[in-house]
Amino acid sequence: MLLTPAGIDALLESVNEAAAVSAPRTGGAAGVGADQIEFARRLVPVLKALADMNRLAIVLELAQRERSVTELTEIFGLSQTLVSHHLKVLRDCRLVTVTAIGRSNVYAICCDELAEPIRLLTSVVAPTSAP
């Protein structure tokens, strides 16, 4: 399944209302390109969050299965403080969700609209065997 424009819209609605600051519309005649500019304005914070290697690695891991902060700390060899910081950035962009289970917080990818493209990205860069 590829991320369709409708899927992108659904993702963006669930992802980043924090970027609700109204940007002035620019564009050519009769607003041509205004929709793309608005779309880009809403997408930039999400892409910035994913541009960090550690955050992207966390999202890639969470696309596979839910994890606690402790598990992510062990997997990536990062401090608990740093993992928590990255998770906060991802939560603020609504890329991940958190569920309290006992004394632990368990994190998951926000939605299938994000999980599937993330899985596809891993297949693009996965090592291939030579024929």
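This is a predicted model: local features need pLDDT of at least 70, side-chain atom pairs count only at pLDDT 80 or more; totals for chains, interfaces and linings use all residues.
Figure 1. The side chain of E71 meets that of R67 in a salt bridge. From N to O, the distance is 3.9 Å. That falls within the 4 Å cut-off for a salt bridge.

**Figure 2. R67 and its salt bridge to E61.** R67 also pairs with E61. Here the closest N and O atoms are 2.7 Å apart. Is E61 buried or exposed? E61 is buried, because its relative accessible area is 18%, and buried means under 20%. Side chains of opposite charge can pair when their charged atoms come close.

**Figure 3. The salt-bridge network.** Which residues are linked in a network of salt bridges? They are E61, R65, R67 and E71. Two of the links have been shown above: E61 with R67, and E71 with R67. For the protein, the count comes to five salt bridges.

Figure 4. Helix α5 spans residues 80–92. Both K88 and D92 lie in this helix. They are four residues apart, about one turn of the helix. Their side chains meet in a salt bridge, with 2.7 Å from N to O. How accessible are the two partners? D92 has a relative accessible area of 41% and is therefore partly exposed. K88 is also at 41%, so K88 counts as partly exposed too.

**Figure 5. Helix α3 against helix α6.** Helix α3 covers residues 53–64, and helix α6 covers residues 112–125. The two pack with their axes 9 Å apart. The angle between them is about 110°. The helices are therefore roughly perpendicular to each other, since angles of 65 to 115 degrees count as such. From α3, the contact is made by V59, L60, A63 and Q64. From α6, A115, I118, R119 and T122 take part. What classes of residue make up this contact? Five are nonpolar, two are polar and one is charged.

**Figure 6. T73 in helix α4.** Helix α4 runs over residues 69–76 and includes T73. T73 is buried, because its relative accessible area of 18% is under 20%. Which residues does T73 touch, leaving out those up to four places away in sequence? The answer is L78, S79, Q80 and V83. One of these, Q80, belongs to helix α5, which covers residues 80–92.

**Figure 7. The whole protein, for orientation.** The protein has six helices and three strands. Along the sequence they follow the pattern α-α-α-β-α-α-β-β-α. Of its 131 residues, 29% count as buried. The protein exposes about 8200 Å², and carbon and sulfur atoms supply 59% of that area. How much of the contact comes from residues 24 or more positions apart? Such pairs account for 57% of the contacts with a separation of 6 or more.

Key
Residues are numbered from 1 along each chain as its sequence is written. Side-chain values use heavy atoms; hydrogens and water are left out. Axes are lines fitted to C-alpha atoms, for helices over the stretch in contact, and angles run from 0 to 180 degrees between N-to-C directions. Angles under 35 degrees count as roughly parallel, over 145 as roughly antiparallel, 65 to 115 as roughly perpendicular and the rest as oblique. Contact means heavy atoms within 4.5 Å. Ala, Val, Leu, Ile, Met, Phe, Trp, Tyr, Cys and Pro count as nonpolar, Asp, Glu, Lys and Arg as charged, and the others, Gly among them, as polar. Buried means under 20% relative accessible area, exposed over 50%, partly exposed in between (1.4 Å probe, protein chains only). Accessible areas come from the Shrake-Rupley method with a 1.4 Å probe; for residues, only the protein chains shown count as cover.
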